[in-house]
Structure formats: structure tokens, C-alpha cells
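Have a look at the model, then read on.

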Amino acid sequence: MGWLLNTYRDIPMRQHNGAWSGYTTQMTIFPDNHTAILVFSNSSLGGQLNDTLAFTFAELWNGLDLQAAAQRRAEFAPLIAQLDQVRELAESTIDADTAAPLVGTYQEGWSVEYRDDSTLWLTNGVWAFRLVYFPVLGQYLVVNNGALGATVDFNTINEPTSLVINVGGTEAYTLEKVE
């Protein structure tokens, strides 16, 4: 049924998680304590947060010294350093002339917006994904929210203009510009 039998610092746990693009959930049951914790995260990295909260809950409930959060921070330090290096390669703003052929309404309610701060956004309803251009990749990269890391390619050569959203290296959506 998808339950993981796990222990953390000799504390038995039963865990089940789930995810959908940009969201993660986790239920952790502590059978010896007859308690459970449910965590819902609005992040692609939510699994790590969910584990950290479950482990910290286990530490608190069992009177142990708190280690989970500090351990997770130490694990994330190299990732943060890598992200800082990647940010240096990005063009975080875009000029209006470059943005003009990309801006507009696309199929299925998607839009590309050019904002006053010279940033480019891919939106659909309440979803808003900031696009940053990476010259080394020749692609735009989503740098926020649940689609963090997804790439977006624009085809402005053919009419109508289209965009391709790639998630996990796989083409997920191709949308044509309608306005």
C-alpha cells in the first residue's frame, strides 16, 4: 500500500508520501507513541521539509536533543552554493524588445507577461512562474514555485509562436500563441 517502515534515532515510523507538480505531502505515524503528523508542502523540495518536520516532531515527542533541522541545513549548504553559482550564469532581467515576441496569450489559459521590473513570467490563473534566460543552455528556466527547474523553449520562427515546457528533461506541454 506504499507505506515505508522506517526508524529515526531508534524511533519506529510508518510513512507514506505523495506529490503533484510543486506540492508534496507526507503522513508519518509513530506507532509506539500512538501519534501521527501530516505535512503538506507547497514546494518541489517539500519532501526534505516534510522529513525534517517529522523527524523534529519525533525528537520533541521523545525528549531527544534537536538535530534534524541542523542536519538538514548542513545537507542543503552545498545545494545553496550551487544555486548561487547557477544564478551568476543567468540573465535575471530581459529587455522589452526581446520579450515582445514572447508576450501574449497561449493555449489552455497560459500567458507570458513582461513585468515592470523587466522580468518574464509564465502564468495560468493563480500560477505564476518566473522565467530566467540561461545563455549557456539557450533556454528559459523556471526559478520559483512548484515548477522550479523546468525549462521553457520558445519557437518564434514559425507562426504562430509556440512554447514548450520541459519537466524533468521530458517535453510536457507544447502550447501555441493565440493572441
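Q: Why does L163 count as buried?
A: Keep in mind that this is a predicted model. The relative accessibility of L163 is 0%, and buried means under 20%, so L163 falls in that class. L163 sits in strand 11, residues 162-167.

Q: Which residues does L163 touch, leaving out those up to four places away in sequence?
A: With heavy atoms within 4.5 Å as the cut-off, the list is Y106, V112, L122, V152, D153, F154, Y173, T174 and L175.

Q: Is T52 buried or exposed?
A: T52 has 10% relative accessibility. The limit for buried is under 20%, so T52 is buried. T52 belongs to helix 1, which spans residues 46-61.

Q: What makes the link between the side chains of T52 and R72 a polar contact?
A: The distance is 3.0 Å, and the cut-off for a pair of N or O atoms is within 3.5 Å. R72 is also one of the residues that T52 touches, along with A68 and A69.

Q: Why are strand 1 and strand 4 said to stand at the edges?
A: The open sheet has 4 strands in the order 1-2-3-4, paired antiparallel. Strand 1 (4-8) and strand 4 (35-41) each have a single partner strand, so one side of each lacks a neighbour in the sheet.

Q: How do you know that strand 2 and strand 3 pair?
A: Pairing needs at least two bridges, and these strands have 7, in the antiparallel sense. Helix 1 packs on this sheet, touching strand 1, strand 2, strand 3 and strand 4.

Note on methods:
Residues are numbered from 1 along each chain as its sequence is written. This is a predicted model: local features need pLDDT of at least 70, side-chain atom pairs count only at pLDDT 80 or more; totals for chains, interfaces and linings use all residues. Side-chain values use heavy atoms; hydrogens and water are left out. Helices (H or I, at least four residues) and strands (E, at least two) are DSSP runs, numbered from the N terminus. Buried means under 20% relative accessible area, exposed over 50%, partly exposed in between (1.4 Å probe, protein chains only). A polar contact is a pair of N or O atoms within 3.5 Å; within protein, one must be able to donate a hydrogen and the other to accept it, and residues adjacent in sequence count only if both atoms are side-chain atoms. Axes are lines fitted to C-alpha atoms, for helices over the stretch in contact, and angles run from 0 to 180 degrees between N-to-C directions.
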